[in-house]
Amino acid sequence: MQIDIIGPGAIGLHCALSLPDDCLVRLRHPAGRGEQLTLSDDTGRCRDCNLLALNDPAPITAAIVTTKAGQVAAAVQACLPLLSAQAEVLLLHNGLGPQDEVAGWLGPQQHLYAGITTEGALRLERGRIRHTGRGQTRVGPWREPLPPGPLIQALRRSTLQAQWLPTPAAVRTALWQKLIINCAINPLTALHDLPNGGLAEPELRQQWVGLVQLGVRIAVAEGMALDAGDMIRQVEAVIRATARNYSSMHQDLHHGRSTEVNAILGPLIERGLYHGIDTDSLRALQDRLAKAGA
């Protein structure tokens, strides 16, 4: 099958390299010009792909969107006229928000999936990445329960070994879990210029534990069945597994790129205020990141 990767950053390229050999993979980027690009990583994997513009007229039957959260809407809008009547679209980005917007644009026979990945990848140069950490990839339907289509079957057969979440409720729970993990790790590593393992220091641990507890309180108010102790253990596991890695927000801030601070902290602040929960600590963190250039 043909799969388009929309937003070929580090995670997008990692997805492209992970897909089964019987999949034909195209990359779409605003700067794409139809040239062939050979992808490779530090494990010896390689794959030839065409790099197309977002609005290249080639029809799209299956797409994985791996842009930053703030770029999802514009990227999907550029590709909307190219989607087949029964196209599958998977949103695989940090944060909450774009999923409902995209859902409103798709037709009744077009399938929208959403998901999370804790895989780690670092872009070294054009077309080349380093796989920096093995993680979990979980995907499922956004609008209504449905069986996994060909795109999801390909991801399940890939080296990502994607886990299928059968209901929208399960998908939303996974997204909230990832949002809380990102809230705990990304801002503090960016502000303190640390790899993820630096968060094991007692003073910083106390800070991120407080963020996790607040995030879980907001998620529970939203109807998510999450437990603070379990989420703290999940964050600890991620910190251990990715101790030498730098978070995406750290990398973006370090290289002067736009960060996903609003996509990560914004939903927590908004929903916390809606439920009457004090979010001053989140807003203070957002302000500190803004002053740092995030």
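**View 1. Residues of helix α5 meet residues of helix α10 in this predicted model.** On the α5 side, the contact uses C183, P187, L188, A190, L191 and H192. On the α10 side, the partners are L282, L285, R288, L289 and A292. Together, the residues of this contact divide into 9 nonpolar, 1 polar and 1 charged.

**View 2. Helices α5 and α10 cross at an angle of about 40 degrees.** Helix α5 spans residues 168–192, and helix α10 spans residues 280–292. Their axes lie 10 Å apart. The angle falls between 35 and 65 degrees, so α5 is oblique to α10. The crossing is left-handed.

**View 3. An open sheet is built from 11 strands.** The strand order is β8-β9-β3-β4-β2-β1-β5-β6-β7-β10-β11, with mixed pairing. β8 and β11 (163–164) stand at the edges. Each has a single partner strand, so one side of each lacks a neighbour in the sheet. Inside the sheet order, β2 and β4 pair in the parallel sense over 3 bridges. R26 stands opposite N50 in β4.

**View 4. Helix α1 packs on the sheet.** Helix α1 touches β1, β2, β3, β4, β7 (111–117), β8 and β9. Its direction makes about 100 degrees with that of β8. The buried residues are A10, G12, L13, H14, C15, A16, L17 and S18. These pack against β1, β2, β3, β4, β8 and β9.

**View 5. Helix α4 also packs on the sheet.** Helix α4 (residues 150–157) touches β1, β5, β6, β7, β10 and β11. Its direction makes about 40 degrees with that of β6 (83–91).

Notes: Residues numbered from 1 in each chain as written. Predicted model: local features only at pLDDT ≥ 70, side-chain atom pairs only at ≥ 80, totals over all residues. Heavy atoms only, no water. Buried < 20%, exposed > 50% of the residue type's maximum accessible area, 1.4 Å probe, protein only. Helix = DSSP H or I, 4+ residues; strand = E, 2+ residues; numbered from the N terminus. Contact = heavy atoms within 4.5 Å. Axes fitted to C-alpha atoms, helices over the stretch in contact; angles between N-to-C directions. Parallel < 35°, antiparallel > 145°, perpendicular 65-115°, else oblique. Left-handed = near helix turned anticlockwise from the far one by under 90°. Nonpolar A, V, L, I, M, F, W, Y, C, P; charged D, E, K, R; others polar. Pairing = 2+ DSSP bridges.
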